[in-house]
Amino acid sequence: MKVASLLVLAVITLPALAQQPTLAGKWTLTLDTFGTPTTWGLTLEQKGDHITGNYAGDKLEGTIKDGRLTFHAKDPGGVGYEDVIGTIAGDTMTGTMVWAQNMTADHPTTHTFKAVRDVPPSVSSAAPQTREFTPTIFRRQYSSAYEPVLKINPGDTIHTWTVDAGGNDSTGTPRSVGGNPQTGPFYVNGAMPGDTLVVHIRKLRLNRDWAMSTNSIVPRANTPQLAAKSQNKGDQVRWHLDLANNIATPEKPGPHMQHYSVPVRPMLGCVAVAPGDASGPGIRTGDSGGFGGNMDFNEVTEGATVFLPIRVPGALLFFGDGHAVQGDGETTGDALETSLDVTVQVEVLKGKRLPGVFVETATHIMAVGLEGSIDAAFADATETMSAYLEQEYKLTPQEFAMVLGTAAEYKISEVADRNAGVVLKMAKSKLATLTKPETPGQPDPSIPTIAH
């Protein structure tokens, strides 16, 4: 139920003599609320020229007559109202709304809106495609205010590239101000709030032979004694990336690191959907939360799948912040920062909303906890996994505690930014021994996967 009680009068003007449209179904209405997009659900049922349904929790009733759609919705407990006038073009409504909220009904305000019909991906007959995309602009906020750079269908694959965290491309040319500039956003047709976006990371490739990091330790991983030894001094470090042998070495090693090298393991520090209403105009790309974002989890690598709860129509997928390799926690405040060639495939789980951000690999299902402290992130990951196992396996709290106490694998993923990250990993081999309720017509898979 929305904050304000509603009385809605909507008038949709259609071309004269045009056949009345079929409006039945679910719509998502996005309102420009003083510069901040807010999203409301709209369900319409149609019998001839009679319209009924639900708008943001309020029942509505109206008619289509002489090319005009008029409907009213009211919360019996309130005095607030809305008057909406708009036009319909296919699966889109646009127009203006006069909104009088309960507490300020004598001071109505006027806003523009756009509503789109929730069209299931199955209605598209187009075969999945591989879409080549060359970015020309990179975003430093996760926001639904940006126009999509490309519209794709569920099942499509995107082949593109990212700049590094400082905004430099594969040639070292600056293409953006630094601060984790992102490629995107990509609009996924049919993706709606209440669904889950599935991002399969098909291929990550280094596209240059160097990366940057620093040689200091972030406060969460430091002590006063350790900080005193380093004298709080941190310098940039340039690394050579041996692309033939997949090895990283410091270009100017100290006397004790002349033979130090590490295998590269390219990863995406950032994968996100647009955060939605509560975020205001946007969230900086150095941050993270229930929309994903700057998670800096070093298992978001080639072959992994990221699951993100969708908050706005089209999901609006962003990704970036490529790392050649990163230790657990990103303890220097960065990883081996570099640009990447990226191939991802995108799907939508319709009508299935996961209780948080998840990552899946061939061996594990993982809940990502992101909060202001390691303790809070630890609890967030635990609660998220508990909600998932209750949703998928109907585990009671006591049963979950037994599984947690015998199968949990915790990993500190992020300590460098505002939010700390803790990931709770559950081995699929252990989850496979649980009894999962079967979906009618679909047998219980032998290997657990979130996509089922």
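Predicted model: local features only at pLDDT ≥ 70, side-chain atom pairs only at ≥ 80, totals over all residues.

Me: Why are β16 and β19 said to stand at the edges of their sheet?

Reply: The open sheet has four strands in the order β16-β17-β18-β19, with antiparallel pairing. β16 (210–214) and β19 (262–263) each have a single partner strand, so one side of each is left without a neighbour in the sheet, and this is what puts them at the edges.

Me: What makes β16 and β17 a pair?

Reply: Two strands pair if there are at least two bridges between them, and β16 and β17 (residues 236–242) are joined in the antiparallel sense over five bridges, so they meet that requirement. One of the contributions can be named, for M212 has R238 in β17 as its bridge partner.

Me: How do you know that β18 pairs with β17 and with β19?

Reply: Four bridges join β17 to β18 in an antiparallel arrangement, with D242 opposite I247 in β18. Two bridges join β18 to β19, also antiparallel, and since at least two are needed, this count is enough for a pair. In β19, P263 is the bridge partner of I247. β17 and β18 form a hairpin with four residues between them, and N246 in the turn has a positive phi of about 55°.

Me: Which residues of β18 lie on its covered face, and which on its uncovered one?

Reply: In β18 (residues 247–250), A248 and P250 make up the covered face, whereas I247 and T249 make up the uncovered one.

Me: What makes the sheet that holds β12 and β22 open and mixed?

Reply: This second sheet is described as open, with six strands in the order β12-β14-β25-β20-β23-β22 and mixed pairing. β12 (150–152) and β22 (288–289) stand at its edges, each with a single partner strand, so one side of each has no neighbour in the sheet. The partner of β22 is β23 (residues 292–294), joined to it by two antiparallel bridges, and G289 has G292 as its bridge partner there.

Me: Why is the bond between G184 and P185 picked out?

Reply: Most peptide bonds are trans. The bond joining G184 and P185 is cis, with an omega of about 5°, and P185 is placed in strand β14 (residues 182–188).

Me: Which residues have the most contacts inside the largest nonpolar core?

Reply: The largest nonpolar core has 59 residues, and those with the most contacts inside it are L197, L268, V271 and V306. A second, separate core of 22 residues includes L23, Y55, A73 and A115. Leaving aside residues up to four places away in sequence, L197 touches several residues, among them V188, V273, V306, F307 and V348.

Me: How do you know that the span of helix α2 agrees with its number of residues?

Reply: At 1.5 Å a residue, the 20 residues of α2 (residues 374–393) should span 28 Å, and the end C-alpha atoms are 28 Å apart, so the two agree. The buried residues of α2, including A377, M385, Y388 and L389, pack against elements such as β28 (364–371), α3 (397–407) and β30 (420–427). Just after α2, K394 takes a positive phi of about 60°.

Key:
Residues numbered from 1 in each chain as written. Heavy atoms only, no water. Buried < 20%, exposed > 50% of the residue type's maximum accessible area, 1.4 Å probe, protein only. Core = buried A, V, L, I, M, F, W, Y, C linked by side-chain atoms within 4.5 Å. Contact = heavy atoms within 4.5 Å. Expected span 1.5 Å × (residues − 1).
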